[in-house]
Amino acid sequence: MENGTIERVRNYPSPNPHIVLKEITYWSCGLRVKGMLASPKVAGSYEGILYCRGGMQSIGMVRPARIAQIASEGFIVFAPYYRGNRGGEGRDEFAGEDRWDAIYGVDILKQYCIPERIHLFAFSRGGIMALWVAILRNDITSLVTWAGVSDIYLTYEERLDMRKMMKRVIGGTPTKYPLGYEQRDVLPRLEEMKVSMLIIHGDQDKNVSFEHAKVLEQALIGNSIPVETWYYSDFTHFFPSKINRRVVKDACHWMKSQRGV
């Protein structure tokens, strides 16, 4: 079956009376994978956001309330679960071949939104997924990465609690299995991107260190890619809810103002 083809759509309970949720099963690399679509109830032409979730497997899974919140800012939002999650076929590869689930997720999104206005909104592990989407597609308008992973080697160094998972999923350590990390290393490919970017990061983040934001910012500047930064000196990986809501609103406004590169 062709990549980006919808296999099944089912209604999903929505926490927001103004937003309709659907769970979509679609094809990616010969696998049936799943994701969640959020649409405003009021009919109209809406820009699209591919939301790249964080975490791994059940940790950081797509939250209906989160994508409904983003959709309520006037977007159609599609959030892939990535392969091997919630009944999807294959296995989650932490920014390996599963990047194609996000890449083909754009084709799903385009069937519902204004196809010329596609944005990427990434959180945590989703940062590296979104960067790959922006590199391997040429139809993305803008990218927002919030507390996003940008350097796979830095993640291995910093997150001692994740090393066992990374060795299992990627195939070993960066020393013993360098190819697995090289294949996921997005930084050398940034020059291929044609999107404007917004980096949001808390200085006190211990899950994805502030260094990820600085490394990415410098790499984007070095490649003459337009980048804006919203850095918060007092915040960790998770912002206080009131500020979180405001930043989501502001980020959505920023996306709507972008005109591509």
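Biologist: Which elements each supply at least two residues of the lining of the largest cavity?

Modeller: In this predicted model, strand β8 (196-202) and helix α7 (210-222) each contribute at least two residues to the lining of the largest cavity, and the largest share, 3 residues, comes from α7.

Biologist: And which residues line the largest cavity?

Modeller: The lining of the largest cavity is made up of T145, G148, V149, S150, I199, H201, H212, A213 and L216.

Biologist: How much space lies in the largest cavity, and how many cavities of 30 Å³ or more does a search of the whole structure find?

Modeller: The largest cavity holds about 40 Å³ of space, and searching the whole structure turns up 1 cavity of 30 Å³ or more.

Biologist: OK, pockets next. How much space lies in the largest pocket, and which residues lie nearest its centre?

Modeller: About 650 Å³ of space lies in the largest pocket, whose lining counts 31 residues, with G54, G55, G60, F123 and S124 lying nearest the centre.

Biologist: What is the lining of the largest pocket like by class, and which helices each supply at least two residues?

Modeller: By class, the lining of the largest pocket has 14 nonpolar, 10 polar and 7 charged residues. Helices α4 (152-158) and α5 (163-170) each supply at least two residues of that lining.

Biologist: Switching to cysteines: how many disulfides does the structure hold?

Modeller: The structure holds 0 disulfides. For C113, the closest cysteine sulfur is the one in C252, and because that sulfur is 14 Å away, it is too far for a bond.

Biologist: Are C113 and C252 buried or exposed?

Modeller: C113 has a relative accessible area of 9% and is therefore buried, and C252 also counts as buried because its relative accessibility is 2%.

Biologist: What is phi of F94 near, and where is F94 placed?

Modeller: Phi of F94 is near 50°, which is again a positive value in a residue other than glycine, and the place of F94 is likewise in the loop between β5 and α2. With 3% relative accessibility, F94 counts as buried.

Biologist: Now the rings. How many aromatic pairs does the structure hold?

Modeller: There are 12 aromatic pairs in the structure. In one of them, the rings of Y232 and F239 have their centres 5.1 Å apart and their planes at 65°, so the pair is edge-to-face. F239 takes part in another pair, with F235, which is tilted, at 4.9 Å centre to centre and 50° between the planes.

Biologist: Are Y232, F235 and F239 buried or exposed?

Modeller: Y232 counts as buried at 18% relative accessibility, F235 is buried with a relative accessible area of 16%, and F239 counts as buried at 7% relative accessibility.

Biologist: And which residues do ring pairs link into a cluster?

Modeller: Ring pairs join Y51, F121, W146, Y232, F235 and F239 into a cluster.

Biologist: Which charged ends sit over the rings of Y81 and F75?

Modeller: Over the ring of Y81 sits the charged end of R86, 5.6 Å from the ring centre, while the ring of F75 has the charged end of K256 over it, 5.0 Å from the centre.

Biologist: Last topic: where is G48 found, and how far apart are G48 and L109 in space?

Modeller: G48 is found in strand β4 (residues 47-52) and counts as buried, at 0% relative accessibility. Although G48 and L109 are 61 residues apart in sequence, they are 6.6 Å apart in space, taken from C-alpha to C-alpha.

Methods. Residues are numbered from 1 along each chain as its sequence is written. This is a predicted model: local features need pLDDT of at least 70, side-chain atom pairs count only at pLDDT 80 or more; totals for chains, interfaces and linings use all residues. Side-chain values use heavy atoms; hydrogens and water are left out. A disulfide is a pair of cysteine sulfur atoms within 2.5 Å. Buried means under 20% relative accessible area, exposed over 50%, partly exposed in between (1.4 Å probe, protein chains only). On a 1 Å grid over the protein atoms alone, a cavity is a set of points where a 1.4 Å probe fits but cannot get out, and a pocket is an open set with protein on both sides within 12 Å along at least five of seven lines; lining residues have an atom within 4 Å of a point. Grid points are joined across faces, edges and corners, and a volume is the space filled by probe spheres set on the points. Helices (H or I, at least four residues) and strands (E, at least two) are DSSP runs, numbered from the N terminus. Ala, Val, Leu, Ile, Met, Phe, Trp, Tyr, Cys and Pro count as nonpolar, Asp, Glu, Lys and Arg as charged, and the others, Gly among them, as polar. Rings of Phe, Tyr and Trp (its six-membered ring) pair if their centres lie within 6.5 Å; planes under 30 degrees apart count as stacked, over 60 as edge-to-face and the rest as tilted. A charge sits over a ring if NZ of Lys or CZ of Arg is within 6 Å of the ring centre and within 35 degrees of the ring normal.
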